[in-house]
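Look over the sequence and the model first, then read on.

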Amino acid sequence: MTERVFKGLKVLELGAGAAGPISTRYLSEQGAHVIRIESAHRPDFLRLMMAVKTDTMAERMDSALMFALLNTDKQSLTVNMKHEQGADIVRRLVQWADLVCENFSPKVMPKWGLTYENLKKLKPDLVMASGCLFGQTGPDRLYPGFGGQGTALSGFAYVTGWPGRETVGPFGTITDSLSPKYVACAIAAALFHRRRTGEGRYIDVSQIETAVYSMSAAIVRQSANNETEERRGNHDEFAAPHNVYPTTGDDRWIAIAVQTDTEWTALKKEMGNPEALNNSSYDSLEGRVEAQEHIDKTIGEWSQAFDRNELMSKLQAAGVEAGALNNQADLLEDPALNHRGHFVWLEHKYLGRAAFERPGFRLSESGGGFDKPGPLLGEHNREILTKILGYTIAEIDRLTSEELFV
Amino acid sequence: MLSGIRVLDLTCERGFLAGKILGDMGADVVKIEAPTGDAIRQRGPFLAGKEGPERSLPWLALNTSKRGITLDLDQPDGQDVFRTLAKQADIVLESFQPGLMKDRGLGYAALVADNPKLIYCAISPFGQDGPYSHYNAHDLVIVAMSGNLQMTGDPDRPPIRCTMPTSYYHAAPEAVLGIIMALYSREDSQRGQFVDVSMQETHTSTLLCHTGNYSVDGVINHRAGYRVGPSREVWKVKDGYISYGLRGGPTRVPNLVATVEYMDETGCAPEWLKNYNWKNYDVFSMTSEEIAPLEEAFGSFFETKTRAELFEESVKRRIMLAPCNDSAEVLAHRQLRSRDLFVTLDYPELGASIEHPNFFAKTTGNDVRIRGKAPKLGEHTDAVLQEAGISTEKVSALRQQGVI
């Protein structure tokens, strides 16, 4: 096995929340040296969420679960950007870095003079990525929103729910999990380009645009046919039956998706060819779509007697697409995820043992994985300031008491 | 950024987007279809509702920036042609059931023996091996197994999926990321590698950190419909729905205060709300009795406004409120249009002009953009086979045999 892909790559990260840190976690998972600039004066709001220890502010910021989970294998340096030397420290680290990533609102980096135009002068082949909700340009670029708003604006909320009722998802505010994947793609491509040509790049990602790009099929349909995708519950235009059905246990379900007429015949057979489904019009997709309420009801009455995992194996063996609905506890036990080593269990100073989750792809020759939970606030100040910026311990102590490294 | 990189794209609908991303970033992507054409060409929705292999809208949307050839990979001569192409390619990208390419003698091990620099990426529902690798699955089943489905929907109703196949959308950029990482490391090693993508695994990321949380606190979360935690997140307004949260914290309280000011200016803020003490406000520690009057006050205000009015004021006042847009509204959005997100492609042979999202990132090199329309069935077969050094006579023979 060769070394991790990004071993030796130097990354400077500014910003907060989920979307920014997730995009650089793909790099740290492959060995990149990622330094996060933070400050106790304006902490990343993830450090204030879901804290385990809340007796002091310092403990709270170091024991926040979500921060620890989304910032694995990164280092933390505290720099007070309100201090007159704050921006200068960042500029010196930019000269060290190959890549700068930030996900602030578009006015923040210019306020500190840390634009790509300025930083490129210090480091001509710099790759820099910005990833905010709406992008760096345009009339609404300063609009402040979180993932819930991104999901609504990009059109994903509208298509999730029951017809005639309010939207109910998709769970997890899709822009927060989708946009980091595209940011990481663009960064990796820019680094590859730099390696081949010596040229840097500035990358401006709008989280909403990544979602709209993904939904190209809906946009094209709207533009070409003036047809709008609607909330359909679990139903599908091109597959039926296509729904979730109750199984034994409280709130336990199985998903069944019949894509072809052959699968329909196989499903009926597994159900013992019930009288209620004995109708030749159901042998075509059109007929099944027409009668799907009745078909759903019949399947649900049958499925409720089965354990969801047993029913899944039985149907899959018969050539019918089926999958048990997993909850968080099931995921930790899921044999396919565990076969792939999805969960990496690491010890955190305050959280104890926790499951950290790897991305969905494996590289046969480059390994990858996590070694350490997200850093404590300022955990790596001394290491970074002495080794990279050449400060002495006495200077660090003095500048810390002068409120620079806090 | 990916110029000069040759991709052989064998994907079905589960992987179209991955090939498109590579093509839109400048790679030379050759889409390979069976001579009968990809299944999606037979499935709608079709342009203007009229069936035809060149009229499938999902085909046109998700195969831009690709050239297209037909090749029967189940015939020995077709397999030979594929081996020739793979010798000259950088990347093979496929989304078949695991094992199918190996059964054809075209698995990674066979291809890499002839081309050690080859990168082979396989996208499958559950990965190339393991207990579920032989399971068949499309979006609904993948979303179920990823944990997302159980969490989406109303608490008193069955779980629900997004109408659009989100699991395909999550798998594609992770597959591309894996491929580019392999390209990057190939610069040193001069060797390719296998990129094994599990769609279930990529989609677990939609839970953000909820599974990790469970590993620490043992709390299983339940779907909460239009709520996030204890408070409403989706609200009815005059002409549809909006997304707006009553959550607190330093980043959100100023937006709550700004909303109350806006309400007050239109005469809709009750006295008690104007004097509300937002210091230390935390909705997660409040009872439903304490939250109810807030929801009542905000909700009855929102109902007097349209989505456009509310969004306009929200941009001005820095309020975190957003309309739940449908695809027509997304297409018309002034911010997206100001950034030239949409590009019009002309299809003169179909009598249509269609707008497509043009990029997922803006870069200083203008590196991400649609390079060309989705290919017609077999449109580039002759050109691609000729480039590969296959003689005109051989191409004619293959065509007669029905291999291409």
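## Strands side by side

In E2(A), A:Arg36 is the bridge partner of A:Glu13. Strand E1 (residues 10-14) of chain A and strand E2 (residues 33-38) of chain A run parallel, joined by 5 bridges. Strands here are DSSP runs (E, at least two residues), helices are runs of H or I (at least four), and both are numbered from the N terminus. Two strands pair if DSSP finds at least two bridges between them.

The model is predicted: local features need pLDDT of at least 70, side-chain atom pairs count only at pLDDT 80 or more, and totals for chains, interfaces and linings use all residues. Residues are numbered from 1 along each chain as its sequence is written, chains are lettered from A and ligands numbered from 1 in the order written, and side-chain values use heavy atoms, without hydrogens and water.

## The open sheet

An open sheet is formed by 7 strands, with mixed pairing. Their order is E3(A)-E2(A)-E1(A)-E4(A)-E5(A)-E6(A)-E14(B). Strand E3 (74-78) of chain A and strand E14 (362-363) of chain B stand at the edges, each with a single partner strand, so one side of each has no neighbour in the sheet.

## Chain B

Chain B has 18 helices and 14 strands. Its C-alpha trace spans about 85 × 50 × 40 Å along the principal axes. Of its 404 residues, 63% count as buried (under 20% relative accessible area; exposed is over 50%, partly exposed in between; 1.4 Å probe, protein chains only).

B:Arg318 lies in the loop between helix H14 (307-317) and strand E11 (321-323) of chain B. B:Arg318 counts as partly exposed because its relative accessibility is 34%.
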